[in-house]
Amino acid sequence: MSVLIAIPARYASTRYPGKPLVSLRGPDGEKTLIRRSWEAAMAVRGVDRVVVATDDDRIREHAEAFGAEVVMTSVDCQNGTERCAEVAAKLTGYDIVVNLQGDAPLTPAWFVEDLVAGLRADPAAVIATPVLRCEGKMLAALLADRRAGRVGGTTAVFGAGGRGLYFSKEVIPFTGKTYADEDPTPVFHHVGVYAYRPAALRDYPSWPVGPLEKLEGLEQLRFLENGRAVLCVEVEAQGRQFWELNNPSDVPVIEAMMAAMK
């Protein structure tokens, strides 16, 4: 089964304008967020093609300068899934399209590899997304974001067979407990990666934005609101730290994680 990775990147982010071009310092020097996300995608095994999907010439010029293939998409795309749908319509013939969001440069290659394997093994699912069990330290960071009024990571709850029940920017489920840094918790951090079947991407833009998607600002809820099965694939950190760049305050967090992981 052929696999295409698309990396949606828009300049006009509501929370962090210009985010894809923000510089992140790591042990390998300074590189932009979009370059680090592209390098993460290029490290995934079993992928046939990687493209950056954007509507902005500044991002296009920068991405092409470091060697990325770029597909220009409409400024009317409301989210990364709609942008991936445009890419899939232009680049046909792939069995699975992966959306590796441009704000997750710490995504390990095996997250995507496990995700693709999960979708291949479950023909009833039209979309799959990885979830990572929070240890106490990560849960504390998510809760701290919410107390400070920041919209940080997303959490997921799922039922039998990994079927997604809900995704939220609130921290769910409620536990009311305190955990040590290394303790496993019942909270799962949703990792911002998706693998779709092309038919699901063809349908997605025609569905109206539902009330839950509008409230949460989470694109995957459109699948749930339209009765489509979303497969949650549990992935293992294997000692790697993971964080997404949602706010300017996340830059030093990610830089510290890169330094710690070398």
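Residues are numbered from 1 along each chain as its sequence is written. Because the model is predicted, local features need pLDDT of at least 70 and side-chain atom pairs count only at pLDDT 80 or more, while totals for chains, interfaces and linings use all residues; side-chain values use heavy atoms, with hydrogens and water left out.

**Two domains**

The chain falls into domain 1 (1-104) and domain 2 (107-240), with bounds from an automatic or database domain assignment. Their centres, taken over C-alpha atoms, are 20 Å apart. In contact terms (heavy atoms within 4.5 Å), 25 residues of domain 1 meet 24 residues of domain 2. Together the domains bury about 2,100 Å², 56% of it on carbon and sulfur atoms; this is the accessible area (1.4 Å probe) that two parts lose on being put together, summed over both.

There are 2 salt bridges between the domains, each a side-chain nitrogen of Lys or Arg within 4 Å of a carboxyl oxygen of Asp or Glu. The side chains of E82 and R222 form a salt bridge (3.0 Å, N to O). On the side of domain 1 that touches domain 2, β1, α3 and β6 each supply at least two residues, and α3 gives the largest share, 6 residues.

Helices (H or I, at least four residues) and strands (E, at least two) are DSSP runs, numbered from the N terminus. Buried means under 20% relative accessible area, exposed over 50%, and partly exposed in between (1.4 Å probe, protein chains only).

| Element | Residues | Buried |
|---|---|---|
| α1 | 33-42 | 7 of 10 |
| α3 | 80-90 | 8 of 11 |
| β1 | 3-9 | 7 of 7 |

The buried residues of α3 include E82, R83 and C84.

Strands pair if DSSP finds at least two bridges between them. β1 runs parallel to β6 (residues 96-100), joined by 4 bridges, and I5 has V98 as its bridge partner there. With β4 (residues 49-54), β1 pairs in the parallel sense over 6 bridges; P8 stands opposite A53.

**A buried lysine**

K19 sits in the loop between β1 and β2 (23-26) and is buried, at a relative accessible area of 11%. Beyond its neighbours within four places in sequence, K19 is in contact with Y11, L33, D103, L245 and N246.
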